Amino acid sequence: MQFQLCLFFLLCFSPILKAQQIKGQFLNNQSEKVSDVLVYIGDGQVHSHSQLDGRFTLEKVEIGDTLRTQRLAYESLFYIIQAEDFSQELNFTLATAAIELKQISIRGNVNTFSQIAQVDIASKPINNSQEILRKVPGLMIGQHAGGGKAEQIFLRGFDIDHGTDISINVDGMPVNMVSHAHGQGYADLHFLIPETVDQIDFGKGPYYADQGNFTTAGYVNFSTKDVLERSSIGLEFGQFNHQRLVGLFKLLENQPKQDAYLATEFMLNDGPFESPQQFSRFNIMGKYTARLSNRERLEIGLSHFQSQWNASGQIPQRLVDQGVISRFGSVDDTEGGFTDRTNINLEHSKSISDQLFVKTNAFFSRYNFELYSNFTFFLEDPVNGDQIRQGENRQLFGLQTTFNNRLTNDLELNYGLGFRYDAIDNNELSRSLNRQTTLEQLALGDVDELNVFSFVDAQIEVGNWRFNPGLRLDGFNFNYQDDLQENYTSLADQALKLSPKLNIFYQANPDWQYFLKAGRSFHSNDTRVVVQRETAQTLPAAYGLDLGTVWKPRPNLWLHAALWYLDSEQEFVYVGDAGIVEPSGRSHRKGIDLGMRLQLSPEWMIHSDVNYANARAINEPRGAQYIPLAPDWTSTGGINYRGTQAWSAGLNYRYMNIRPANEDFSIAAQGYFIVDANVAYDFGPLGIGLTVENLFDQDWNEAQFATESRLSQEDESVEEIHFTPGTPFFLKASLQYRF
């Protein structure tokens, strides 16, 4: 009887005695917490990952199991579980390592695409502001003011203009400007110094509960470095009077719980244009990080940016064809502008317990903008011309708190709430002359826009399946005061939007994952659209679906494929250049994304992304369903070398196919295939480099629009392609000293 009772209790409690739980934390050599470390046993069926505080919990572990880790930029760790490990928190120090493709994991809920962005940065570092957004596979950009304006963005069949349907953030602070004088979502990223970028997190489609306004085609989040390994000073000089000075200075030494650095950038460039741009940009940024305790951390970021420029504008194709002007000539070279932005950003994070982690981000921006443009020349005003002025003064406030709650090894909750408030004064559109005289004010008013939000999502693992349901609630309050009315006129509206999401992942084996993503978001509307609308919905819905796979058939080969679909109920846009609401009805987009990364050796990396999108308006006459400037085929790729010794080099291309410039494709925007090259060599602390943009000196158009214009000597207007020429062969050299 006693033997039977002992056997009974042994059988009942043997799972508890054998399979237990261990807890631990990952740090690097600088005692920094390391998040997103995949920690697993055996073939990975038992796995977990470290949170933002570096802590992890791993269940179903037995004595003698071998704990393994996998994390980009760190060496793998192997540790045999001992009996005493179940009663204490383990502390592991991970050794840093050169970034390699074999370190990428496609298990758990770590974003494999953001890991790929890190690989791309390591193989070809970001060295100019245009390269920052190009690190997102499938995202194309175009600049049509010589670096002064925010770039025009293209992604998944969207001409996103300057940011209407993509959310962009830096260290948790939004870049997009709601109800901007030049257009909704205007995202000027030029306050971000390229050398300070540490990580790029991105996702395509409307599938992410923690991503809100503007997240239709996707989101891009940039994180700046917390710590500098050492200080550096860099100098660039090249054709077209290109000069750039950049400095990164480590401010604190031998402070185990504090880090601080200062980064600054000054840039001059005249561009290849016959009328020099006289472009100048100044950036300064400081960041301080303090580890208040083993479980608490504070980051403070301060930055100021200002830029001014002249521009040659978009020129009509007919003048170039007739030989009246060259590709780099101009019709009105009095275009240009000025902008500045000052940011204060605070981030506080704390581990409340082993299961609960809280992060709060608060930010403030003061922003000024002034832009002079002339797209139609003498179409509206045959005497003075059609130059317009757009301007605004803005204050931006925001706060977001996010909770990460790991309830069990197989269940994790993420939830949060926050707000964003924009107070915009003197939001203006005027007719002007020579950037000096105001001829007529077309629109002038003050905008107040408040967005309050909350979200929740879960990560649920059941065997080889992972389910990620989510729900987001956005509330908006829109106010516009029209200062051109004789009597006080204030227009207001409110809107509430519930956005459900569901992502499903199936792990076929440790190196092969399938996914199905579904979600609803909304097309973000300008306040002036909302309060003046006749048929426009306040927040028209956008529905998305992705079906795809990520596969690593070999440790040095990463493959990705996805079929996707996006349906938009309505796309009304406030056209800042004309002060009107431009209607657009329902549309759908569908396509395929393909990606490949192949590491031939620790030094050589090949990368390629091919993207196709079919974008069409619904309920429009047959043959008139094209969405202007929406790209179909795009591709980027190249081969890069980063030696363990002193040499590095790269050859990279970007391609965009010919695409419709108007609804019936009677006017086409020309495509391009551009190749860039770079080579660099380090002499100890000193580095030199050469970069060539447009290696084969191709004639290409960076920005193109179907525009109706009239010249001073013309009797009738002409609608045709107006373009900003792309950079010709452009050679620049760099010199850097690290200390």
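Tutor: Leu245 counts as partly exposed because its relative accessibility is 46%, and buried would require a value under 20%. Leu245 has its place in strand S18, residues 242-250. Please keep in mind throughout that this is a predicted model.

Student: How should I read a salt bridge, and how many salt bridges are counted here?

Tutor: The general idea is that side chains of opposite charge can pair when their charged atoms come close. In this structure the count comes to 37 salt bridges. One of them joins the side chains of Asp226 and Arg297, with an N to O distance of 2.8 Å. That pair links distant parts of the chain, 71 residues apart: Asp226 is in the loop between strand S16 (218-224) and S17, while Arg297 is in strand S21 (residues 296-311).

Student: Are Asp226 and Arg297 buried or partly exposed?

Tutor: Asp226 is partly exposed, with a relative accessible area of 23%. Arg297 counts as buried because its relative accessibility is 14%, and the cut-off for buried is under 20%.

Student: What salt bridge does Asp682 form?

Tutor: Asp682 pairs with Arg738, and their closest N and O atoms are 3.3 Å apart. Because Asp682 lies in strand S41 (residues 672-683) and Arg738 in strand S45, the pair ties together parts that are 56 residues apart in sequence. Asp682 counts as partly exposed at 30% relative accessibility, whereas Arg738 is buried with a relative accessible area of 18%. There is also a network: salt bridges that share partners join Glu195, Glu236, Arg244, Glu265, Glu693 and Lys732.

Student: What is Ile200 in contact with, leaving aside its neighbours within four places in sequence?

Tutor: The contacts of Ile200 beyond those neighbours include Ser114, Ala117, Gln118, Ile121, Val220, Asn221 and Phe222.

Student: How should I read the order of strands in a sheet, and which strands stand at the edges?

Tutor: As a general idea, in a regular strand the side chains alternate between the two faces of the sheet. Here, four strands form an open sheet in the order S12-S11-S16-S15, with mixed pairing. Strand S12 (173-174) and strand S15 (197-204) stand at the edges; each has a single partner strand, so one side of each is left without a neighbour in the sheet. Strand S11 (residues 166-170) pairs with S12 in the antiparallel sense over two bridges. Asn169 has Pro174 in S12 as its bridge partner.

Student: Why is strand S4 described as largely enclosed?

Tutor: Five of the seven residues of S4 (residues 55-61) are buried, so the rest of the structure largely encloses this strand. S4 pairs with strand S1 (residues 20-27) in the antiparallel sense over five bridges. Gly24 stands opposite Phe56 in S4.

Student: Finally, what is the phi of Asp36, and where does Asp36 lie?

Tutor: Asp36 is not a glycine, yet its phi is positive, at about 60°. Asp36 lies in the loop between S1 and strand S2 (38-41), and counts as partly exposed at 35% relative accessibility. Phe665 also has a positive phi, near 65°, in a residue other than glycine. The place of Phe665 is in the loop between strand S39 (659-660) and strand S40 (668-669).

Key
Residues are numbered from 1 along each chain as its sequence is written. This is a predicted model: local features need pLDDT of at least 70, side-chain atom pairs count only at pLDDT 80 or more; totals for chains, interfaces and linings use all residues. Side-chain values use heavy atoms; hydrogens and water are left out. Buried means under 20% relative accessible area, exposed over 50%, partly exposed in between (1.4 Å probe, protein chains only). Contact means heavy atoms within 4.5 Å. A salt bridge is a side-chain nitrogen of Lys or Arg within 4 Å of a carboxyl oxygen of Asp or Glu. Two strands pair if DSSP finds at least two bridges between them.
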